[in-house]
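Dear colleague,

Please find the structure for your review directly below. A summary of the findings follows it.

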Amino acid sequence: MNKFSFNIMIVGVGGQGVMTLGKFFREMALKSSQIHGLVSMESRGVSQREGSVFCLVRYNLDSSKTIPFLSPSPPIQEIDLMVALEPLELLRNLQYLRPNGITLVNNHELIPKSSLSQDIKSYPDINERLNQFKQDFPDHLIIEKDFTNMAIQENKPAIYANYLILAHKPSIFTQILPVTNFSELLQDFFNHV
């Protein structure tokens, strides 16, 4: 990618680790001498109630180009990397994705407790909308896996899925974060979380 600014968005449901992944990306950005103008924003209000949450991390790579980040709000069709910890949260935020960006999706379905209390027991079919997005934006790379189930199969807590998402294809992140030892930094971060 030949860009001088990047936007990373993490979306999910409260309790999945959205804020933790936001902290990871901020720490990675701060460790790179090439990154300038780091801005971050989190939605925390409903995070403890299994509500929809997101974290946005934006930064510049070129110190000679000052981009006025007037607001850390997510720009429409400007998210270079989205990490979706829950598939419905991806669908709620499709409008933010760059047509040639990258999305990693934990396609483990999570029905919020609030829905269960309202007797909503089925999960909507997201494949149709996701397939339409793939047709409309063929240059957008989407990687989908049930990372939660992978974590459970390894006898790890479900939150370990976040490590697996980032460790799945480390080369993706080196395109977006100018750090040379991404896998090492990832391992170190998750050993201390």
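A charge is taken to sit over a ring if NZ of Lys or CZ of Arg is within 6 Å of the ring centre and within 35 degrees of the ring normal. The charged end of K156 meets this rule over the ring of Y160, at 5.1 Å from its centre.

Please note that this is a predicted model, in which local features need pLDDT of at least 70 and side-chain atom pairs count only at pLDDT 80 or more, while totals for chains, interfaces and linings use all residues. Residues are numbered from 1 along each chain as its sequence is written, and side-chain values use heavy atoms, with hydrogens and water left out.

Rings of Phe, Tyr and Trp (its six-membered ring) pair if their centres lie within 6.5 Å; planes under 30 degrees apart count as stacked, over 60 as edge-to-face and the rest as tilted. The count by this rule is nine aromatic pairs. One of them is the edge-to-face pair of F24 and F189, with 5.2 Å centre to centre and 65° between the planes. This pair links distant parts of the chain, as F24 lies in helix α1 (residues 18–30) and F189 in helix α8 (residues 182–191), 165 residues apart; helices are DSSP runs of H or I with at least four residues, numbered from the N terminus.

Yours sincerely

Notes:
Helix = DSSP H or I, 4+ residues; strand = E, 2+ residues; numbered from the N terminus.
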